Amino acid sequence: MSNYEVSKVWEWNEEEKSKSGNQPVAGSRFEQELPVGEKPLQVYSLGTPNGIKVAIMLEELKEAGIEKADYDLYLINISEGDQFGSDFVKINPNSKIPAMMDCSADEPIRVFESVSILLYLAEKFEQFLPTKLAERTELMNWLFWQTGAAPYVGGGFGHFYNYAPTKQEYPIDRFTMETKRQLDLLDKHLADKPYIGGNEYTIADMAIWPWYGRLVQGELYGDAAEFLKANEYTHLLEWADRIQERPAVKRALEVEYKDIK
Ligand SMILES: N[C@@H](CCC(=O)N[C@@H](CS)C(=O)NCC(=O)O)C(=O)O
(Lines give C-alpha, C1' and ligand atoms only; values in the text may rest on other atoms or scores of the structure.)
Protein backbone atom coordinates (compact mmCIF):
# COMPACT_ATOMS: atom_id res chain seq x y z
CA MET A 1 0.00 0.00 0.00
CA SER A 2 1.22 3.49 -0.79
CA ASN A 3 0.49 6.71 1.10
CA TYR A 4 0.59 8.70 -2.12
CA GLU A 5 -2.42 10.93 -2.69
CA VAL A 6 -2.90 12.42 -6.15
CA SER A 7 -3.16 16.21 -5.95
CA LYS A 8 -5.64 18.18 -8.10
CA VAL A 9 -2.83 19.69 -10.17
CA TRP A 10 0.68 18.31 -10.63
CA GLU A 11 3.45 20.71 -9.72
CA TRP A 12 7.06 20.21 -10.74
CA ASN A 13 9.47 20.08 -7.83
CA GLU A 14 12.06 22.48 -9.22
CA GLU A 15 14.55 21.51 -6.54
CA GLU A 16 15.08 18.36 -8.61
CA LYS A 17 16.05 20.46 -11.60
CA SER A 18 19.48 19.68 -13.02
CA LYS A 19 21.20 19.97 -16.37
CA SER A 20 20.69 16.30 -17.20
CA GLY A 21 17.58 15.44 -15.19
CA ASN A 22 14.06 15.12 -16.55
CA GLN A 23 12.11 18.33 -16.87
CA PRO A 24 8.52 18.92 -18.04
CA VAL A 25 9.68 21.34 -20.74
CA ALA A 26 11.27 20.83 -24.17
CA GLY A 27 13.97 22.89 -25.86
CA SER A 28 17.65 23.56 -25.40
CA ARG A 29 19.08 24.26 -21.96
CA PHE A 30 22.56 25.54 -22.85
CA GLU A 31 24.70 26.74 -25.76
CA GLN A 32 26.59 23.94 -27.46
CA GLU A 33 28.76 23.58 -30.57
CA LEU A 34 28.78 20.05 -31.94
CA PRO A 35 31.72 18.91 -34.05
CA VAL A 36 31.11 18.32 -37.77
CA GLY A 37 33.46 15.94 -39.57
CA GLU A 38 34.34 15.42 -43.23
CA LYS A 39 32.17 12.34 -43.93
CA PRO A 40 28.80 12.59 -45.72
CA LEU A 41 26.81 11.50 -42.64
CA GLN A 42 27.21 13.05 -39.22
CA VAL A 43 25.70 10.88 -36.51
CA TYR A 44 25.19 11.91 -32.88
CA SER A 45 24.34 8.86 -30.81
CA LEU A 46 25.18 6.36 -28.07
CA GLY A 47 25.35 2.56 -27.67
CA THR A 48 21.79 2.12 -26.35
CA PRO A 49 19.24 -0.05 -28.23
CA ASN A 50 18.00 2.92 -30.30
CA GLY A 51 21.57 3.99 -31.04
CA ILE A 52 22.69 0.43 -31.90
CA LYS A 53 19.97 0.19 -34.60
CA VAL A 54 21.60 3.02 -36.54
CA ALA A 55 25.16 1.75 -35.97
CA ILE A 56 24.07 -1.62 -37.43
CA MET A 57 22.59 0.01 -40.54
CA LEU A 58 25.69 2.16 -41.11
CA GLU A 59 27.97 -0.85 -40.73
CA GLU A 60 25.74 -2.96 -43.02
CA LEU A 61 25.97 -0.23 -45.67
CA LYS A 62 29.75 -0.21 -45.25
CA GLU A 63 29.75 -4.02 -45.60
CA ALA A 64 27.74 -3.59 -48.82
CA GLY A 65 30.52 -1.29 -50.14
CA ILE A 66 28.48 1.93 -50.19
CA GLU A 67 31.07 4.66 -49.72
CA LYS A 68 28.52 7.47 -49.80
CA ALA A 69 27.19 6.11 -46.51
CA ASP A 70 30.47 6.78 -44.72
CA TYR A 71 29.94 8.48 -41.41
CA ASP A 72 31.39 10.28 -38.41
CA LEU A 73 29.91 9.04 -35.16
CA TYR A 74 29.86 11.19 -32.04
CA LEU A 75 28.99 10.35 -28.46
CA ILE A 76 26.03 12.12 -26.91
CA ASN A 77 26.29 11.39 -23.21
CA ILE A 78 22.64 11.44 -22.13
CA SER A 79 23.45 11.11 -18.45
CA GLU A 80 25.44 14.35 -18.70
CA GLY A 81 22.66 16.13 -20.60
CA ASP A 82 24.39 16.53 -24.01
CA GLN A 83 20.99 15.95 -25.68
CA PHE A 84 19.77 19.30 -24.33
CA GLY A 85 22.54 21.38 -25.94
CA SER A 86 21.54 23.97 -28.58
CA ASP A 87 23.22 22.25 -31.56
CA PHE A 88 21.76 18.83 -30.73
CA VAL A 89 18.27 20.29 -30.27
CA LYS A 90 18.54 21.89 -33.72
CA ILE A 91 18.94 18.37 -35.15
CA ASN A 92 16.44 16.69 -32.83
CA PRO A 93 13.99 19.02 -31.06
CA ASN A 94 12.86 15.95 -29.07
CA SER A 95 16.31 15.74 -27.34
CA LYS A 96 16.82 11.99 -27.76
CA ILE A 97 19.56 10.02 -29.44
CA PRO A 98 20.09 8.99 -32.21
CA ALA A 99 20.14 11.99 -34.55
CA MET A 100 21.81 12.44 -37.91
CA MET A 101 22.69 15.16 -40.46
CA ASP A 102 23.08 14.18 -44.09
CA CYS A 103 25.66 16.72 -45.20
CA SER A 104 25.91 15.28 -48.72
CA ALA A 105 22.52 16.70 -49.71
CA ASP A 106 22.47 20.17 -51.40
CA GLU A 107 20.92 21.51 -48.23
CA PRO A 108 21.91 19.37 -45.23
CA ILE A 109 18.98 17.23 -44.08
CA ARG A 110 18.30 16.50 -40.42
CA VAL A 111 16.94 13.09 -39.47
CA PHE A 112 15.76 12.07 -36.01
CA GLU A 113 13.90 9.04 -34.58
CA SER A 114 15.92 5.86 -35.02
CA VAL A 115 13.44 4.22 -37.39
CA SER A 116 13.19 7.38 -39.49
CA ILE A 117 17.00 7.23 -39.82
CA LEU A 118 16.84 3.55 -40.85
CA LEU A 119 14.17 4.29 -43.45
CA TYR A 120 16.01 7.36 -44.75
CA LEU A 121 19.22 5.39 -45.28
CA ALA A 122 17.38 2.37 -46.73
CA GLU A 123 15.56 4.55 -49.25
CA LYS A 124 18.55 6.70 -50.12
CA PHE A 125 20.86 3.74 -50.76
CA GLU A 126 18.15 1.26 -51.86
CA GLN A 127 19.22 -1.40 -49.41
CA PHE A 128 17.52 -3.66 -46.85
CA LEU A 129 14.06 -2.50 -47.94
CA PRO A 130 11.85 -4.57 -50.27
CA THR A 131 10.37 -2.74 -53.24
CA LYS A 132 7.20 -4.83 -53.75
CA LEU A 133 4.19 -3.24 -52.07
CA ALA A 134 3.09 -6.31 -50.11
CA GLU A 135 6.57 -7.06 -48.72
CA ARG A 136 7.29 -3.41 -48.04
CA THR A 137 3.99 -3.04 -46.17
CA GLU A 138 4.74 -6.08 -44.01
CA LEU A 139 8.10 -4.54 -43.15
CA MET A 140 6.42 -1.23 -42.29
CA ASN A 141 3.98 -3.07 -40.04
CA TRP A 142 6.87 -4.38 -37.95
CA LEU A 143 8.81 -1.12 -38.00
CA PHE A 144 5.83 0.81 -36.66
CA TRP A 145 5.13 -2.02 -34.21
CA GLN A 146 8.66 -1.71 -32.83
CA THR A 147 8.39 2.04 -32.40
CA GLY A 148 5.16 1.73 -30.45
CA ALA A 149 6.01 -1.44 -28.52
CA ALA A 150 9.57 -0.91 -27.26
CA PRO A 151 8.75 1.93 -24.83
CA TYR A 152 6.71 -0.62 -22.82
CA VAL A 153 9.88 -2.68 -22.55
CA GLY A 154 12.39 0.15 -21.97
CA GLY A 155 10.41 2.89 -20.24
CA GLY A 156 8.08 0.39 -18.57
CA PHE A 157 9.64 -2.99 -17.74
CA GLY A 158 13.31 -2.00 -17.86
CA HIS A 159 12.71 1.11 -15.80
CA PHE A 160 10.69 -0.48 -13.01
CA TYR A 161 12.58 -3.82 -12.92
CA ASN A 162 16.10 -2.42 -13.14
CA TYR A 163 16.40 1.33 -12.65
CA ALA A 164 13.60 2.56 -10.36
CA PRO A 165 14.88 3.45 -6.88
CA THR A 166 12.24 1.24 -5.21
CA LYS A 167 10.91 -2.10 -6.51
CA GLN A 168 7.13 -1.98 -6.84
CA GLU A 169 5.02 -5.02 -7.61
CA TYR A 170 2.23 -3.27 -9.51
CA PRO A 171 4.28 -1.66 -12.33
CA ILE A 172 6.70 -4.62 -12.51
CA ASP A 173 3.78 -7.04 -12.93
CA ARG A 174 2.03 -4.84 -15.45
CA PHE A 175 5.06 -4.28 -17.68
CA THR A 176 6.38 -7.84 -17.32
CA MET A 177 3.02 -9.12 -18.57
CA GLU A 178 3.21 -6.87 -21.63
CA THR A 179 6.91 -7.54 -22.27
CA LYS A 180 6.33 -11.33 -22.16
CA ARG A 181 3.35 -10.95 -24.48
CA GLN A 182 5.55 -9.08 -26.97
CA LEU A 183 8.31 -11.71 -26.69
CA ASP A 184 5.74 -14.45 -27.32
CA LEU A 185 4.43 -12.53 -30.33
CA LEU A 186 7.92 -12.36 -31.88
CA ASP A 187 8.62 -15.99 -30.96
CA LYS A 188 5.47 -17.15 -32.76
CA HIS A 189 6.13 -14.83 -35.71
CA LEU A 190 9.67 -16.20 -36.15
CA ALA A 191 8.65 -19.86 -35.83
CA ASP A 192 8.51 -20.34 -39.61
CA LYS A 193 10.82 -17.70 -41.06
CA PRO A 194 14.46 -16.66 -40.66
CA TYR A 195 13.88 -12.89 -40.57
CA ILE A 196 11.17 -10.51 -39.38
CA GLY A 197 10.04 -9.67 -42.93
CA GLY A 198 10.28 -13.28 -44.21
CA ASN A 199 13.29 -14.64 -46.10
CA GLU A 200 15.17 -11.36 -46.38
CA TYR A 201 17.18 -9.50 -43.76
CA THR A 202 15.82 -5.94 -43.62
CA ILE A 203 15.75 -2.80 -41.49
CA ALA A 204 12.95 -4.43 -39.45
CA ASP A 205 15.52 -6.90 -38.08
CA MET A 206 17.90 -4.01 -37.38
CA ALA A 207 15.17 -2.13 -35.49
CA ILE A 208 13.91 -5.08 -33.44
CA TRP A 209 17.14 -6.92 -32.60
CA PRO A 210 18.79 -4.33 -30.32
CA TRP A 211 15.69 -4.43 -28.09
CA TYR A 212 14.20 -7.90 -28.19
CA GLY A 213 17.20 -9.89 -29.42
CA ARG A 214 19.52 -8.36 -26.83
CA LEU A 215 16.88 -8.76 -24.11
CA VAL A 216 16.53 -12.53 -24.61
CA GLN A 217 20.30 -12.85 -24.97
CA GLY A 218 20.63 -11.44 -21.43
CA GLU A 219 22.24 -8.16 -22.51
CA LEU A 220 19.62 -5.76 -21.09
CA TYR A 221 18.48 -4.88 -17.57
CA GLY A 222 20.61 -7.05 -15.28
CA ASP A 223 19.00 -10.47 -14.69
CA ALA A 224 15.94 -9.65 -16.80
CA ALA A 225 16.41 -12.61 -19.19
CA GLU A 226 16.14 -15.06 -16.28
CA PHE A 227 13.21 -13.17 -14.74
CA LEU A 228 11.36 -13.28 -18.09
CA LYS A 229 12.26 -16.97 -18.72
CA ALA A 230 13.80 -15.86 -22.01
CA ASN A 231 15.09 -19.38 -22.74
CA GLU A 232 11.49 -20.41 -23.49
CA TYR A 233 11.38 -18.15 -26.58
CA THR A 234 13.45 -20.53 -28.70
CA HIS A 235 12.61 -19.16 -32.16
CA LEU A 236 13.31 -15.63 -31.01
CA LEU A 237 16.64 -16.75 -29.51
CA GLU A 238 17.65 -18.51 -32.72
CA TRP A 239 16.86 -15.38 -34.70
CA ALA A 240 18.77 -13.23 -32.18
CA ASP A 241 21.86 -15.43 -32.57
CA ARG A 242 21.49 -15.41 -36.38
CA ILE A 243 21.57 -11.59 -36.43
CA GLN A 244 24.42 -11.44 -33.90
CA GLU A 245 26.58 -13.55 -36.24
CA ARG A 246 26.60 -10.85 -38.93
CA PRO A 247 30.00 -9.10 -39.15
CA ALA A 248 28.34 -5.66 -39.42
CA VAL A 249 26.31 -6.30 -36.27
CA LYS A 250 29.42 -7.40 -34.38
CA ARG A 251 31.23 -4.24 -35.51
CA ALA A 252 28.25 -2.04 -34.62
CA LEU A 253 28.44 -3.23 -31.02
CA GLU A 254 32.10 -2.22 -30.78
CA VAL A 255 32.13 0.88 -32.92
CA GLU A 256 33.95 3.91 -31.53
CA TYR A 257 31.94 7.01 -30.62
CA LYS A 258 34.06 10.16 -30.84
CA ASP A 259 34.05 12.71 -28.06
CA ILE A 260 32.11 15.93 -28.77
CA LYS A 261 34.19 18.11 -26.44
N1 LIG B 1 11.61 6.92 -30.36
C2 LIG B 1 12.97 7.36 -30.21
C3 LIG B 1 13.45 7.06 -28.81
C4 LIG B 1 14.84 7.59 -28.56
C5 LIG B 1 15.22 7.48 -27.11
O6 LIG B 1 14.39 7.23 -26.22
N7 LIG B 1 16.51 7.68 -26.83
C8 LIG B 1 17.00 7.65 -25.46
C9 LIG B 1 18.18 6.70 -25.36
S10 LIG B 1 17.83 5.08 -25.95
C11 LIG B 1 17.45 9.03 -25.05
O12 LIG B 1 18.05 9.74 -25.82
N13 LIG B 1 17.18 9.41 -23.81
C14 LIG B 1 17.59 10.66 -23.28
C15 LIG B 1 16.51 11.39 -22.52
O16 LIG B 1 15.40 10.85 -22.43
O17 LIG B 1 16.80 12.47 -22.01
C18 LIG B 1 13.85 6.70 -31.26
O19 LIG B 1 13.56 5.55 -31.62
O20 LIG B 1 14.82 7.30 -31.72
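The legends below describe close-up views of a predicted model.

**View 1**
The ligand takes up the space of the largest pocket. Around the ligand are Thr 48, Asn 50, Lys 53, Ile 78, Gln 83, Phe 84, Lys 96, Ile 97, Pro 98, Glu 113 and Ser 114.

**View 1. Gln 83 in its loop.**
Gln 83 sits in the loop that runs between strand E2 (71-75) and helix H2 (86-91). Its relative accessible area is 7%, so Gln 83 counts as buried, the cut-off being under 20%. Leaving out residues up to four places away in sequence, Gln 83 touches Ile 76, Asn 77, Ile 78, Phe 88, Val 89 and Ser 95.

**View 2. Asp 87 in helix H2.**
Asp 87 belongs to helix H2. Its relative accessibility is 19%, and Asp 87 is therefore buried, because the cut-off is under 20%. Not counting residues up to four places away in sequence, Asp 87 touches Gln 32, Glu 33 and Leu 34.

Most peptide bonds are trans. The bond from Ile 97 to Pro 98 is cis, with omega near 0°. Pro 98 is in the loop between H2 and strand E3 (99-102). Both Ile 97 and Pro 98 are among the residues that surround the ligand.

**View 3. Glu 113 and its positive phi.**
Most residues other than glycine have a negative phi. Glu 113 has a positive phi, near 80°. Its place is the loop between strand E4 (109-112) and helix H3 (114-125). With a relative accessible area of 39%, Glu 113 is partly exposed.

**View 4. His 159 and Tyr 221.**
His 159 is part of helix H4 (residues 133-163), whereas Tyr 221 lies in the loop between helix H6 (203-216) and helix H7 (224-227). These two residues are 62 residues apart along the chain, and their C-alpha atoms are separated by 8.5 Å. His 159 is partly exposed, at 32% relative accessible area; Tyr 221 is buried, at 9%. Phi of Tyr 221 is positive, near 60°. Apart from residues up to four places away in sequence, His 159 touches Gly 154 and Ala 164.

**View 5. Arg 246 between two helices.**
Arg 246 lies in the loop between helix H8 (234-244) and helix H9 (247-254). Its relative accessibility is 23%, so Arg 246 counts as partly exposed. Setting aside neighbours within four places in sequence, Arg 246 is in contact with Glu 60, Tyr 195 and Tyr 201.

Key
Residues numbered from 1 in each chain as written. Predicted model: local features only at pLDDT ≥ 70, side-chain atom pairs only at ≥ 80, totals over all residues. Heavy atoms only, no water. Helix = DSSP H or I, 4+ residues; strand = E, 2+ residues; numbered from the N terminus. Buried < 20%, exposed > 50% of the residue type's maximum accessible area, 1.4 Å probe, protein only. Contact = heavy atoms within 4.5 Å. Near = heavy atom within 4 Å. 1 Å grid on protein atoms, 1.4 Å probe; cavity = no way out; pocket = protein on both sides within 12 Å on 5 of 7 lines; lining within 4 Å. Sits in = over half its atoms within 2 Å of the grid points.
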